[in-house]
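Please look at the model shown below, and then follow the explanation through its helices, its domains and one of its residues.

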Amino acid sequence: MEYFLQRLPIYLIDFVIICLALYYSLIRSNFPIHMLQLEGYDNDEYKTFLKNNKEKMNKLVYKLEKNQKTPIVWTDRAKRLLKKHKLVNFIAYILVVVFSLGLFDGSGSYVISILATLILSFLIYFYQYRLLILTNKWAKPTEDKINMGFYKSAQAKIKKYKEEEGLKVLGITGSFGKTSVKFISDTILSEGLRVKNTPSSFNTPMGLSKIINNELERDREVFIAELGAKVPGEIHEVAELVQPDIGIITAIGPTHMHLFKTIENIQKTKYELIEDLPEDGIAIFNYDNDYVKPLADKTKKKTYRYGTKDFDKLDVYADEIKVNETGSEFVLHIKGGGEIKCSTRLLGVHNISNLLAAATAAHVLGLSLEEIQRGISKVEPVEHRLSLIPSSNNTIVIDDAFNSNPVGFRAALDVLREFKDHRKIIITPGMVELGDMEEEENRKIGQVMADVLDFAILVGKKRTLPIYEGLKDKNFDEEKIYRVSSLDEATKVLAKISMAGDVVLFENDLPDNYNEE
């Protein structure tokens, strides 16, 4: 009893400290879990994020940012991870108590023991983002097993519907343009077929498995799947799941260069879709893209090439192109199938390329020229991809905020160029995930911007320095360049300088795990 009474103050004080520390640690862990979720629960990617965002993660208190672009989603996986993380924290704090009592037994000092509890509890609280790596590593085998179950179930369902119902699967990949082509294909194909599309940027094995298992119905004639990848081999994994009959490569360019390292690795990875087509499968290529062209030329399977130049080498092409601020007109040609005049509300020449990809797939799947034309006229702009959005002050706002790459950025500037008699303003944080090319590509885009814009609002003073230097290279008026730290600050500047009739382009919108402090 004397032994217990002697330690009672330590027990009570430790209990209070540990309860408070555990409570606040679990609150603090929500932000790292969100960042881990944005990195796809990949510990390596998460560690890279931590390395590049030390200031953000080493704050004593995480404040919830306003207007989060991608809030945390408490999926079953996130809930399981949190449950395991609670247990990891509980064990960590039990070890703190054991160590604290051991110190008391050795020193006989209440002060040393309590001080140790306070210091160790603070360290566990502060380094929740590090402790989460351990939790995620522990959770991975279980999650892999669960994911494989969903994957196998979806794979079997696709196989069954293909054998029993004649389901056709259209697979789409590319460095950019694949989500736009997916939604355009849905609209056009729906003119003659029963189609099941996938929402937003669902392009991973688990995202697609969820749609297939929960939403794909037996009466669908075509299933459209977007195939994404950040490392070689990932397209193979998704293709084995969805088992495409037709494959489209929309474009290849320098995206995710910090992961792929070289354009050749990107080409090899995107081509995995074509390799996984059956022998009687059909490969569709954007022959305007210099990195896609050699892939088309080496393909032995039945191939369709589409584009807007070198017509004699193409199976599907557009000419007589007229682009303006409200959309585009062109004549669609299908070799052996005829030609037809088409009009679209989509902005920019690059979107005609996206329409051609979808039109080629529609032709392969048996739609008539008239059905394709009707579908093209119905296509709506994809959200955050060069879409016009309403404005309350009579400015014209173009939203191209999904993400940016050198080709897409130039395409957006080409669209801006079409607004002949308007002042042109851009709000952009520049381009990211371009690896060693990032600084040079942003400087080049700054030089192009100088020939198009009247005002430039650059978000992130450090990150957009290369764009600023590119603008200066072309003697762009420095008084018309605004360098700000946040989107909120950018919109305040816009409110001051804009007037009715101005065209405002929002180009790129960085994810929550890529903000500049």
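Helices H2 and H7 are oblique to each other, a word used for angles that are neither under 35 degrees (roughly parallel), nor over 145 (roughly antiparallel), nor 65 to 115 (roughly perpendicular). H2 covers residues 30-38 and H7 residues 128-165, and the two pack at an angle of about 55° with their axes 9 Å apart. Here the axes are lines fitted to C-alpha atoms over the stretch in contact, and angles run from 0 to 180 degrees between N-to-C directions. Helices are DSSP runs of H or I with at least four residues, strands are runs of E with at least two, and both are numbered from the N terminus.

The contact (heavy atoms within 4.5 Å) is formed by Pro32, Ile33 and Leu36 on H2 together with Tyr129, Leu132 and Asn136 on H7.

This is a predicted model, in which local features need pLDDT of at least 70 and side-chain atom pairs count only at pLDDT 80 or more, while totals for chains, interfaces and linings use all residues. Residues are numbered from 1 along each chain as its sequence is written, and side-chain values use heavy atoms, leaving out hydrogens and water.

An automatic or database domain assignment divides the chain into domain 1 (1-144), domain 2 (166-378) and domain 3 (387-507). Between the C-alpha centres of domain 1 and domain 2 there are 46 Å.

Proline 254 is found in the loop between strand S4 (246-249) and helix H11 (257-260). Is proline 254 buried or exposed? Its relative accessible area is 10%, so proline 254 is buried; buried means under 20%, exposed over 50%, and partly exposed in between, with a 1.4 Å probe and protein chains only. Not counting residues up to four places away in sequence, proline 254 touches Ile263, Ile266, Pro406, Leu434 and Met437.
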